[in-house]
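Open your viewer, keep the sequence panel beside it, and get ready to select a few pieces one after another. At each stop you will find out what to click on and what is there.

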Amino acid sequence: MSPRERVRSGWHSAPIAIFGVALLILLGGIAVIAQNESTYDRARTEQTQGLSDVLAASTAAAVDFDDPAAAQQAVDAFAVNNQVRMIAVYRHDGAAIAGYDRSGRPVPSSISALPDARANVIRVTSPIVQAGQHIGTVYLDIDREAPARRISRYLVISVLFVLAALVVVALGLAQGQLRRVNRELAGRAEALTQANVLLEEQIEERAKAEEQLRQSQKMQALGQLTGGIAHDFNNQLTVIQGSADMLTRPGLAEEKRIRFAQAIVQSATNAASLTSQLLAFARRQPLKPERLDLNTLIRDMRDLLDRTMGERVRIVTDLSPVACRVEVDRAQLQSAVLNVASNARDAMAAGEGTLTIRTRDLGLDEDGKHFVALDISDSGGGMAPEVMDRIFEPFFTTKGTGQGTGLGLSQVYGFATQSGGEVKAVSEPGKGTTISLVLPCVDAALSQPVEAAAAGSGAQPSATILVVEDNEDVGAFAETLLTELGHRVTRAATGEEALEIARRKRFDIVLSDVVMPGMGGIKLAEALAREQPQLPVVLATGYSQDIVEGGSGGRPVILKPYRLATLSEALAEAMRR
Amino acid sequence: MHKGWRSFLAIAALTIVMASTAVQAEPTDTAVKAAFLPRFARYVTWPAVAMPKGGDPFLLCIIGANPFGGQLDDAARSQLIDGRRIVVRRLDSAAAAGGCQIAFVGGARTASILAALGGKPVLTVTDSDSNGQRGIIHFVVEGGRVRFFIDQVAASQRGLTISSRLLALAVGVSQ
């Protein structure tokens with residue numbers, strides 16, 4: 001049975017009960033009226049008898065002493081009651097002594113002539129008795145209440161009963177209706193709760209499905225990333241391993257030995273470049289920001305760009321004279337420009353087209369920060385939206401196998417965001433592509449260009465060096481290199497050990513790894529600065545969250561993997577300070 | 001002839017009936033007074049010592065002149081006072097009036113008889129022929145009807161209580 005049907009059947013049964021109650025009330029009322037009617041005559045008769053007795057007593061003397069005037073006076077006093085129809089006072093011998101008739105006629109002079117009482121009249125008689133002697137009789141006729149009047153009285157009562165019954169009916173119906181509505185509301189609330197529970201379950205399932213999707217996408221991306229890294233590194237490792245194998249052959253000609261050694265160096269450089277770009281994407285690259293002018297940088301790169309783009313690409317520059325200065329890592333910026341440019345070249349059919357490089361002042365943004373844009377546009381084929389969505393993903397590439405690493409735009413993205421800016425791409429198939437590097441402005445003067453390291457740094461004086469490195473292989477390699485350069489080397493495996501050794505022995509310089517168990521390189525440098533402020537410290541790192549976030553405290557940092565020249569230059573620089 | 005005789009008889013009979021009715025409807029003042037006298041007893045309360053002993057009747061005494069003849073006896077005979085009969089006594093002087101509840105006093109000696117009854121608990125009644133002397137109740141005729149005065153002061157001096165119903169009928173009450 002549906003709630004609606006229940007409501008209907010309720011409507012049908014409730015009035016029956018209520019009308020039953022109303023009928024009972026009505027029957028009760030009728031019973032009361034009947035009872036009232038039967039007692040009415042008796043009560044009326046008793047009441048009239050009392051009147052008559054009083055009249056008999058008050059006329060006794062007048063009857064006894066035959067004083068009609070006094071008797072009439074007493075009668076008149078009772079005739080004031082307008083329900084009295086007739087009063088007659090007779091002596092014991094039957095003669096009338098006083099009387100009253102509402103119609104104005106005289107009462108019969110003899111008791112024997114008195115007619116019987118009429119139907120709508122109640123007649124009572126009272127003997128007039130004085131001192132035990134019966135001396136006369138009083139007749140008193142009084143109106144029965146008129147039937148019409150009685151009926152109207154009963155009607156009023158009946159109407160009251162009916163009204164009361166109607167009120168009961170109305171209240172009952174209202175109460176019933178209220179209960180039903182409440183029940184219905186409760187039912188709806190329950191249905192709503194159930195629907196809500198169902199919805200929550202669905203939301204939970206959906207969240208699970210989304211989580212699974214995200215997880216699988218993450219795994220896919222991770223697979224792509226690791227696959228890309230493995231592929232590129234394997235290429236370089238193949239060259240290194242092969243060349244090293246060749247070098248171990250006895251009796252190798254001097255010219256071949258140098259060629260294999262150079263191949264190893266080249267492959268290692270390529271591999272280092274790969275890791276550098278990965279770190280750039282991950283924004284873990286230790287940057288060496290300097291203040292520089294974008295226009296000058298582009299002009300300086302013109303030759304490099306011409307060579308990179310080839311002769312069939314025309315390069316147009318549109319450099320804004322009001323373009324502000326920026327504070328970024330010069331090498332990273334150059335790398336980003338080259339990455340975008342080489343993508344542009346590859347996008348242009350047959351390597352033919354126009355590359356436009358523009359600088360634009362963007363003015364202030366909503367937060368009051370000043371930005372400058374470096375736009376690099378090509379006249380190539382453009383990109384589809386689904387490609388656009390993925391261009392900054394590492395190892396995502398549209399180029400053929402072996403033609404691109406898929407890390408170029410990743411480096412651009414990582415560099416721009418790490419430098420406090422962003423990178424935007426605008427492209428449509430057939431209408432070319434524009435990549436915009438947006439960088440924050442700085443107002444300060446340009447940094448002095450770093451002086452080129454003194455040539456022939458290998459000819460520097462011999463020094464006493466403390467090498468701190470937790471990795472045995474790297475430590476041994478550094479010791480070999482530095483010893484080869486003519487320095488005296490002491491090694492420590494931890495920061496604590498290095499601090500201990502430095503207290504016992506004097507050193508000219510400390511070369512420390514940054515990431516080590518226990519006391520790291522930066523902590524060590526700070527501790528040494530307190531104990532021996534004159535002792536220079538050079539930090540070496542592959543990547544370090546600490547340096548990215550907090551800087552190196554002004555100490556020189558060399559990046560792993562480092563070359564012999566880089567190492568000797570950094571040491572010489574540190575010792576000159 | 002025959003018809004005329006019958007008419008005469010009818011008229012004569014009717015005349016006789018009407019005449020007798022008129023005699024009944026108009027009793028003499030004396031008869032009315034005689035009828036009233038025993039009835040006074042119903043409206044008066046005597047001290048216990050003055051009441052008749054045991055089942056003795058009330059005594060209605062006529063002292064001095066008797067204007068009623070046998071009428072008083074007839075009137076008294078039909079009356080009962082709380083079940084007691086009323087007996088009429090004719091006395092010459094007040095000396096023997098000690099047992100009377102009601103005493104009608106008349107004639108030339110009225111003053112001396114009333115004085116002799118003094119403060120005795122006797123309801124004295126006088127008539128208009130009493131030379132200006134008045135008992136507790138005194139008959140008068142007013143507008144052709146027999147009425148009476150009541151001297152309530154004298155009544156209460158003698159220990160008598162008169163019902164207000166009777167007082168209401170009096171033409172005058174001395175208080």
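pLDDT is the predictor's confidence in each residue, from 0 to 100. This is a predicted model, in which local features need pLDDT of at least 70 and side-chain atom pairs count only at pLDDT 80 or more, while totals for chains, interfaces and linings use all residues. To find your way, note that residues are numbered from 1 along each chain as its sequence is written, and that chains are lettered from A and ligands numbered from 1 in the order in which they are written.

**Stop 1: colour chain A by confidence**

Chain A has a mean pLDDT of 83, and 91% of its residues reach 70 or more. Helices and strands here are DSSP runs (H or I over at least four residues for helices, E over at least two for strands), numbered from the N terminus. Select strand β9 (residues 370-378) of chain A, where the chain's confidence is highest, at 93. Then select helix α12 (residues 545-550) of chain A, where confidence is lowest, at a mean of 61. Next, pick residues 450-459 of chain A: the pLDDT there is below 50, and the stretch has seven contacts in the model beyond near neighbours in sequence. Two residues are in contact if their C-beta atoms, placed from the backbone, lie within 7 Å.

**Stop 2: two helix pairs in chain A**

Show α6 (residues 330-347) and α8 (residues 408-418) of chain A. Their axes are 9 Å apart and the helices pack at an angle of about 140°. Axes are lines fitted to C-alpha atoms over the stretch in contact, and angles run from 0 to 180 degrees between N-to-C directions. Angles under 35 degrees count as roughly parallel, over 145 as roughly antiparallel, 65 to 115 as roughly perpendicular and the rest as oblique. α6(A) and α8(A) are therefore oblique to each other. Where do they meet? Residues including Q332(A), S335(A) and N339(A) in α6(A) meet residues of α8(A), among them L409(A), V412(A) and F415(A).

Now move on to α10 (residues 495-504) and α11 (residues 521-531) of chain A. Their axes come within 9 Å and cross at roughly 20°, so α10(A) and α11(A) are roughly parallel to each other. G495(A), A498(A), L499(A) and A502(A) in α10(A) meet residues of α11(A), including L524(A) and L528(A).

**Stop 3: a loop residue**

Select D66(A), in the loop between α1 (3-64) and α2 (68-79) of chain A. Its phi is near 50°, a positive value in a residue other than glycine. Is D66(A) buried, exposed or partly exposed? With 19 C-beta neighbours inside 10 Å, D66(A) counts as partly exposed. A residue is buried if 20 or more other C-beta atoms lie within 10 Å of its own, exposed if 12 or fewer, and partly exposed in between, with C-beta atoms placed from the backbone.

**Stop 4: chain B and its contact with chain A**

Chain B has six helices and nine strands, and buried residues make up 34% of its 175 residues. Finish where the chains touch: the contact takes 13 residues from chain B and 11 residues from chain A. On the chain B side, α2 (29-40) and α6 (164-169) of chain B each give two or more residues. α6(B) gives the most, with four residues.
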